[in-house]
Amino acid sequence: MDFQGHLENVLKLFKKEPFVFIIGGFLVQVMITFSLGFLSGPVMGAYILMMVAFLRDNKRPEFGELFSGFKRFGELFPFFFLSWMIIAGFILMVIPGLIFMTMWLYVLVLMVDRKLSLGLAMRESRAKVSDKGFFMHFSFVFVITIVPSFLVKLLSTAIPVLAVLQILLLPLQCGAIASLYLEQFEGIPPRDKAVTGDSDCSSPECSIKPPPEDDRFEEQVRKFPED
């Protein structure tokens, strides 16, 4: 797992579309908080799907897409129950919460991107985590949840104004999960410049792919006159 590559993808999200992914992420947190989590599936699902589309398809996000999850409210609302199960795990002794979050790391993104039901998404997520390595995923979850939260808490205690960094926690987590999802389910490495739109070439010719080797050979043969 390329931790640095996934973090670089998150930075690209912040750098290229700061308004949508940072301010939008703050709005998502506000809606989830004031709805007591009832809107977690629709609003966070739409938010993470925008990140997947940007990283995979280089599709520029629009702020209004944050509310697109309401069109699929019935499909995405069940994520509310899973999120509270994870929260309960953290309340108990932290470790159960980390285990639940690790097993079902991909549930929401599978629900929004592949349109799976909650049950199917839970099974697919658990199977992928088991197949690719539970400890690897557990470490990933620890790095994107516990470590940033601890650092923000520590910094805000020393310098209260830095509590504003709390706004970045959800965008960080969703962006990292979107990047990891593309790597694990679609085989797209996090440093793939073609996917993240970082190609150094800006000329129109760069978008034209040369024909396969066999086709070029046939073209050259056709140029010679027949004996």
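Trainee: Which residues does Ser-40 touch, not counting residues up to four places away in sequence?

Mentor: Contact is a distance test (heavy atoms within 4.5 Å). By that test, Ser-40 touches Ile-32, Gly-45, Phe-79, Phe-80 and Ser-83. The model is predicted, so local features need pLDDT of at least 70 and side-chain atom pairs count only at pLDDT 80 or more, while totals for chains, interfaces and linings use all residues. Residues are numbered from 1 along each chain as its sequence is written, and side-chain values use heavy atoms, with hydrogens and water left out.

Trainee: How many residues separate Ser-40 and Phe-79 in sequence, and what is their C-alpha to C-alpha distance?

Mentor: They are 39 residues apart in sequence and 7.2 Å apart in space. For the chain as a whole, take contacts between residues at least 6 apart in sequence: 71% of these join residues at least 24 apart.

Trainee: Is Ser-40 buried or exposed?

Mentor: Relative accessible area decides (buried under 20%, exposed over 50%, partly exposed in between, with a 1.4 Å probe and protein chains only). Ser-40 has a relative accessible area of 4%, and is therefore buried. Of the chain's 227 residues, 41% count as buried.

Trainee: Which element holds Ser-40, and how many helices and strands does the chain have?

Mentor: Elements are DSSP runs numbered from the N terminus (helices H or I, at least four residues; strands E, at least two). Ser-40 lies in helix α3. The chain has twelve helices and zero strands.

Trainee: How is the packing of α5 and α6 described?

Mentor: Two packed helices are described by the angle between their axes and the distance between the axes. Axes are lines fitted to C-alpha atoms over the stretch in contact, and angles run from 0 to 180 degrees between N-to-C directions. Here the angle is about 150° and the axes are 5 Å apart. That makes α5 roughly antiparallel to α6 (over 145 degrees; under 35 is roughly parallel, 65 to 115 roughly perpendicular, the rest oblique). On the α5 side the contact is made by Met-85, Ile-86, Gly-89, Phe-90 and Met-93, and on the α6 side by Ile-95, Pro-96, Gly-97, Leu-98, Phe-100 and Met-101. By class, nine of these residues are nonpolar, two polar and none charged (Ala, Val, Leu, Ile, Met, Phe, Trp, Tyr, Cys and Pro are nonpolar; Asp, Glu, Lys and Arg charged; the others, Gly among them, polar).

Trainee: Which residues of α6 are buried, and what covers them?

Mentor: In α6, residues 95-103, Gly-97, Leu-98, Thr-102 and Met-103 are buried. The cover includes α5, α8 and α9.

Trainee: What is the volume of the largest pocket, and which residues are closest to its centre?

Mentor: A pocket is an open set of points on a 1 Å grid over the protein atoms alone, where a 1.4 Å probe fits, with protein on both sides within 12 Å along at least five of seven lines; lining residues have an atom within 4 Å of a point. Its volume is the space filled by probe spheres set on the points. The largest pocket has about 990 Å³. Its lining has 30 residues, with Met-44, Ile-87, Met-101, Leu-170 and Gln-173 closest to the centre. The largest share, six residues, comes from α5. The lining divides into 21 nonpolar, nine polar and no charged residues.

Trainee: What is the make-up of the second largest pocket's lining?

Mentor: Its lining residues are 15 nonpolar, no polar and no charged. The volume is about 280 Å³. Pro-148, Leu-151, Val-152, Leu-169 and Leu-172 lie nearest the centre, and α9 gives the largest share of the lining, seven residues.
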